[in-house]
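Subject: Structure handover

Hi,

Here is the structure I promised to pass on. Please open it alongside this note. My findings follow below.

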Amino acid sequence: MQIILMTKRLKAAKKVHCGARHIVVASLVILCAVCGISALFTHLSISWRLPFVEQQIAHIKNEDMLAREEQHNANLQALANSIGQLQAKLTQLEGMARHVSEQTGVNIPRQGEPDDTSGQGGPFVPAPLSEEALRGEIDALSIQLQEQNIALGMLESGLRERMVRRELLPSVMPVKGGARLGSSFGPRFDPFGRGRAIHEGLDFVASPGTDILAAASGVVVKAGYHHEFGNMVEINHGGELITRYAHMSSLKVSAGDVVRREQTIGILGSTGRSTGPHLHFEVRINNIPINPNRFL
């Protein structure tokens, strides 16, 4: 390989011969120079920590820290919102419990609250706001909500049962508008002069034509004429509890009818073994007469 050199100093062109050996040596020299410069630059970057490299590392660390802090704050805010929602639900349930307690007179125990009579005190030390603490508070509120829901469910069930029982208890005055008591429950002299007798109910005296009301809800088991009770109605209120209404002038129900509390079942009169217009009212359990005053 020939290389022709031409410069101002040379009066004529000069030929330089380069063989393969010269080319290989030149390539090796150039490669060693490049590797040396790269190694030197790397050494200087690590040893001296060039300012722009350190700035890049600091910038990356700062961005990562800000992102983590932003995510942490977002998590805390989400947990705080959850706590607020749970507290609102708990407050709503407690308000319902207080309302039910006021309406029914039933005291509802509150879960998770200290006894007013217990001694408490000590300095105020604010608790650190941490994700773990917020999750613990959420768990505690969730437990309180579950307990409150269970308590309200049991109370609702008990109230429904009480309402049903109240509906089936003969506690309504069976004469519309009220009446005068003509004869009480227990021993008395027979109104037809047959001596001392047991009166198994109450006699209510009122004007003829007054409505006779069902003392409680139930099913009519008897409705017809009886030679002693006259026009009579018997209502079963569940189990063996029965009320009897006698001496009516006419009936408004038939056997098998389902009647509601305070429904008109007949008209006051004087039929059967009776001395005048009145209602004979009985309450019987297992066919044993019970003083109606216990219910009215």
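A strand here is a DSSP run of E with at least two residues, and strands are numbered from the N terminus. With that naming, β5 gives the largest share of the lining of the largest pocket, three residues. One caution before the rest: this is a predicted model.

**The largest pocket**

The largest pocket holds about 580 Å³ of space. Its lining counts 25 residues. Nearest the centre lie Arg 188, Pro 191, His 199, Asp 203 and Arg 273. Five strands each supply at least two lining residues: β3 (180–183), β4 (186–189), β5 (196–199), β6 (202–205) and β13 (279–285). By class, the lining has eight nonpolar, nine polar and eight charged residues.

**Thr 243**

Thr 243 sits in strand β10, residues 241–251. Is Thr 243 buried or exposed? Its relative accessible area is 0%, so Thr 243 is buried; the cut-off is under 20%. The side chain of Thr 243 makes a polar contact of 2.7 Å with the side chain of His 237. Leaving out residues up to four places away in sequence, Thr 243 also touches Pro 170, Val 233, Glu 234 and Ile 235, among others. Phe 281, Glu 282 and Val 283 are on that list of contacts too.

**The aromatic pair**

How many aromatic pairs does a search of the whole structure find? The search gives one. The ring centres of Tyr 245 and Phe 281 are 5.3 Å apart, and the planes meet at 50 degrees, so the pair is tilted. Tyr 245 belongs to strand β10 and Phe 281 to strand β13, so the pair ties together parts that are 36 residues apart in sequence. Both Tyr 245 and Phe 281 are buried.

**Two positive phi values**

His 247 is not a glycine, yet its phi is positive, at about 70 degrees. His 247 is found in strand β10. Its relative accessibility is 5%, so His 247 counts as buried.

Asn 287, also a residue other than glycine, has a positive phi near 65 degrees. Asn 287 is placed in the loop between β13 and β14 (288–290). Why does Asn 287 count as exposed? Its relative accessibility is 57%, and exposed means over 50%.

Best wishes

Definitions and conventions:
Residues numbered from 1 in each chain as written. Predicted model: local features only at pLDDT ≥ 70, side-chain atom pairs only at ≥ 80, totals over all residues. Heavy atoms only, no water. 1 Å grid on protein atoms, 1.4 Å probe; cavity = no way out; pocket = protein on both sides within 12 Å on 5 of 7 lines; lining within 4 Å. Points joined across faces, edges and corners; volume = space filled by probe spheres on them. Helix = DSSP H or I, 4+ residues; strand = E, 2+ residues; numbered from the N terminus. Nonpolar A, V, L, I, M, F, W, Y, C, P; charged D, E, K, R; others polar. Buried < 20%, exposed > 50% of the residue type's maximum accessible area, 1.4 Å probe, protein only. Polar contact = N/O pair within 3.5 Å; in protein donor to acceptor, adjacent residues only side chain to side chain. Contact = heavy atoms within 4.5 Å. Phe/Tyr/Trp six-rings, centres within 6.5 Å; stacked < 30°, edge-to-face > 60°.
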